[in-house]
Structures are given as structure tokens and as C-alpha cells.
Amino acid sequence: MGIANKYIVLQFAAILLVPVVIKAQAVNAHAVYVIAHHVIKPDQQLTHPLIVNKPDSVGEPAGISATSIANHIDELLEETNGLAETRVNRQFSRVLKHIRIKDLANQGATDKRVYMRMADLFVRLKLYPLAMKCYLKTLPVVSQNVVSVNHSQPDTLADKTTTDSLLADNRALNLNLKDDTVFSDKAQWLENHANERRSEGIGSQKIAEAFNDGKTAFAYALLFHVKQPVPGRRKVFHWSNTGHTFITLIKYNDDSTSVTRSFGFYPKKDNILSATPLAPTTSAVFKDDGGHNWDEVVGKFISRHKFKRVLKLVSRFSETDYQLSTNNCTDFAISAATIAGIYISNTKAKWPLGSGNNPGATGQSILTNKVSADDHAPLFVYKNLSAVTSTQ
């Protein structure tokens with residue numbers, strides 16, 4: 001490995017050795033962050049000696065291994081997981097912007113645990129295409145070779161199979177310089193946007209049009225997200241908070257670019273009681289959930305045929321009303337997941353004057369491993385660590 005790569009690996013490991021956020025508290029109306037056992041205010045620049053005073057040369061890194069890098073990512077995730085976005089994003093970004101994805105991947109090229117930790121890191125950052133790329137590297141070679149689209153097969157044949165495949169390699173799904181750019185842009189965005197982005201209305205036609213980018217598709221993926229009203233509990237609601245369930249669709253192109261849309265099914269309030277037990281039926285709208293937080297996520301590569309079926313589902317739901325018990329956000333997301341071959345059991349619960357699928361029960365089923373795939377393939381699953389702890 002060249003000197004430059006050795007230096008970057010050492011830099012990355014050294015940065016991650018510094019705990020990013022151990023605990024956040026409100027003190028005199030000012031949030032105070034404890035970082036590496038030093039108190040730092042949110043507006044104070046995080047500086048690490050390696051960042052300020054870069055040495056002219058770096059010798060052989062001592063004790064650097066794929067396993068230790070995976071452990072450092074674990075520490076980073078544990079320290080930030082479950083914290084409010086406003087308390088962690090800026091400090092998180094100051095570590096991430098000093099990391100190059102390809103150098104990290106090269107370190108873990110022979111260690112699947114590193115790729116799994118990278119997948120966890122990227123999904124935590126809502127970089128869903130990168131997360132699924134890394135997850136793919138953890139699968140057996142046979143599984144890796146069945147995610148790519150074979151355009152010589154008609155869609156009717158895809159009806160009989162679980163994938164559209166087979167290509168000898170997944171070169172378009174390898175980590176590359178474009179991914180480094182996406183990652184760097186995300187780190188910069190986190191620096192300037194501390195709050196969760198508000199979900200805005202988006203028409204079903206716009207969702208479909210986003211994937212008509214004129215580029216040849218190489219693979220597709222779907223992710224299923226759940227935000228529980230109370231993380232780690234089956235509670236249907238907490239005060240006015242009923243949680244949310246939504247999906248992400250990804251189209252990977254053969255030029256290593258990708259298109260991603262995260263969206264969910266919402267009630268469009270016709271009056272103050274709309275989508276409540278007293279008035280369960282109301283107009284509906286899809287909203288862009290690209291910035292929506294979640295507690296649990298399940299991901300799977302899917303075929304072109306299944307991808308198209310999900311888009312048809314979106315179109316069909318756009319013509320229906322929202323109904324609290326029978327046609328809600330979780331009903332839509334579960335329908336999409338079922339098309340993708342993701343099955344989650346025990347997703348229903350009762351509430352005053354009604355019952356049905358809901359985020360609280362669905363998220364808890366994911367936490368307790370009541371989720372499977374139609375083809376028995378492994379699924380990418382990430383769970384909110386604080387929610388996991390509360391179930392134990």
C-alpha cells in the first residue's frame with residue numbers, strides 16, 4: 001500500500017479513536033457536547049491534532065487492521081445513535097469529511113465485517129445507495145451475482161424468478177470516486193443542516209419520473225423504514241405522535257450513478273379531526289421522506305419487474321383515500337415490501353375505535369427479528385441501538 005493510502009488509513013483510524021459524542025445535555029439553555037472528555041459548545045470548531053498539524057510523512061501504521069476500523073465505526077455509531085439530530089450532525093460531519101470511502105474500502109477489501117459496518121454508517125447518514133452497495137459486499141458471491149438487470153430477458157420471464165439477473169460481476173456497484181463526492185457533499189450538508197428535513201408533498205407522477213433519467217439501469221433496491229412513536233415499544237401512539245412508515249427506492253445505473261427517492265403515504269387533512277379515530281377517512285398525499293428519521297430499516301435488492309410493480313402500487317395508492325385502520329402509511333409500505341419479497345409479521349394492534357397495521361407494532365417486529373425474505377436471502381437490517389436496549 002502506498003504512502004498516501006497509509007496516511008489516510010492512519011488519519012481515519014486516529015479520528016475515529018476520538019469519541020464523537022458521548023453525551024449531550026442542556027445547560028443554561030445551551031447544548032454542551034462531551035467529546036473526548038472535553039466540553040465543547042456547538043458553535044466551537046472541533047479540531048484534532050492530525051487535522052491542524054499534518055506531518056510531512058507517515059510511517060507504517062502500527063496496529064491498524066480491518067477489524068479495528070470496524071470497531072471504530074461501531075463506536076461512532078453507538079455514540080451517535082438515538083441522539084437528536086440537532087445534537088450530533090455538526091460534530092458528526094467534522095469527522096466524516098476527513099474520510100475517503102475508497103481508502104476505507106481498500107482496508108476492508110477482505111473483511112466483510114468492515115463492509116457491514118460501512119453499510120450501517122451510510123444508512124445512518126441516509127446515504128441509502130452507498131449502504132446497499134456495501135451490504136452487497138457482505139453477501140456470498142452467488143447472491144452478489146443475482147442483483148443486476150439482464151435486459152435481454154422480457155418482464156414476463158421475470159414473473160417466474162426472484163431476480164432479473166445474471167452478470168458475472170457487479171462493477172457498477174463497486175465503490176468509486178463518485179461515491180466519495182456524494183459522501184463529502186453529505187458531510188458538508190450535515191455541517192449546515194442540524195434539523196431533520198420536513199417532509200413535503202410529492203405527486204406519484206414525480207416519483208416515477210425521477211427514475212426516467214435516460215440512463216441504463218444496472219440494479220434496483222428497496223428499503224423499508226419505520227419510525228416508532230416510542231422507540232423499542234409496541235405503543236401505537238404517544239400523545240399525538242403515531243410514528244411513520246415509508247420506503248426508499250433506488251435505481252443503480254451502469255455508469256455508477258444512482259437515483260433515490262424516499263417517500264411515504266400521508267393523510268391530507270380535510271379538517272381538524274381527519275385521520276383520527278373520530279374521522280378515520282380523509283384525502284391522501286405522498287410526501288418526500290428523504291430527510292425523515294427512522295428507528296428500524298430493512299433493505300433488499302429487487303428485480304426490475306418488482307421495481308415496476310412498486311411504482312404501479314404508488315400510482316394505485318395515489319388514487320385512494322387515507323383510512324386510519326385499513327389504508328394508512330404502514331399499509332402502503334407493507335404492500336411495497338411484500339412486492340419486494342420482504343415479510344414482517346405481527347404488525348397490527350388496536351387503538352380506540354379502530355385497529356390495523358401501525359409503526360409501533362411493525363418496528364417492534366423488526367426489532368424482535370420477525371422479518372424474512374421470500375427467497376430466504378439475507379436482508380439488510382439496521383436497528384436503532386437505543387430501541388434495541390429498551391427491548392432487553
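Where is the place of Leu-353? Leu-353 sits in the loop between β12 (348-351) and β13 (354-357); strands are DSSP runs of E of at least two residues, helices are runs of H or I of at least four, and both are numbered from the N terminus.

The views below show a predicted model, in which local features need pLDDT of at least 70, side-chain atom pairs count only at pLDDT 80 or more, and totals for chains, interfaces and linings use all residues. Residues are numbered from 1 along each chain as its sequence is written, and side-chain values use heavy atoms, with hydrogens and water left out.

View A. Most residues other than glycine have a negative phi. Leu-353 is not a glycine, yet its phi is positive, about 70°. Leu-353 counts as exposed because its relative accessibility is 69% (buried means under 20% relative accessible area, exposed over 50%, partly exposed in between, with a 1.4 Å probe and protein chains only). Ala-275, also not a glycine, has a positive phi of about 65°. Ala-275 is placed in the loop between β7 and β8, and its 16% relative accessibility counts as buried.

View B. Leu-278 belongs to the loop between β7 (258-268) and β8 (281-288) and counts as exposed, at 66% relative accessibility.

**View C. Helices α6 and α7.** The axes of α6 (residues 112-124) and α7 (residues 128-136) come within 8 Å and cross at roughly 165°. Therefore α6 is roughly antiparallel to α7 (angles over 145 degrees count as roughly antiparallel). Each axis is a line fitted to C-alpha atoms over the stretch in contact, and angles run from 0 to 180 degrees between N-to-C directions. The crossing of α6 and α7 is left-handed, meaning that the near helix is turned anticlockwise from the far one by less than a right angle.

View D. The structure holds 10 salt bridges, each a side-chain nitrogen of Lys or Arg within 4 Å of a carboxyl oxygen of Asp or Glu. One of them joins the side chains of Arg-117 and Asp-120 (2.8 Å, N to O). Both residues lie in helix α6, three residues apart, about one turn of the helix, and both are buried. Another salt bridge joins Lys-133 and Asp-179 (2.9 Å, N to O). This pair links distant parts of the chain, with Lys-133 in helix α7 and Asp-179 in helix α10 (residues 177-192), 46 residues apart. Lys-133 is buried at 3% relative accessibility, and Asp-179 is buried at 7%.

**View E. The loop residue Ser-303.** Ser-303 lies in the loop between β9 (296-302) and α12 (304-317). With a relative accessible area of 2%, Ser-303 is buried. Ser-303 and Tyr-220 are 83 residues apart in sequence, while their C-alpha atoms are 6.3 Å apart in space.

Note on methods
Parallel < 35°, antiparallel > 145°, perpendicular 65-115°, else oblique.
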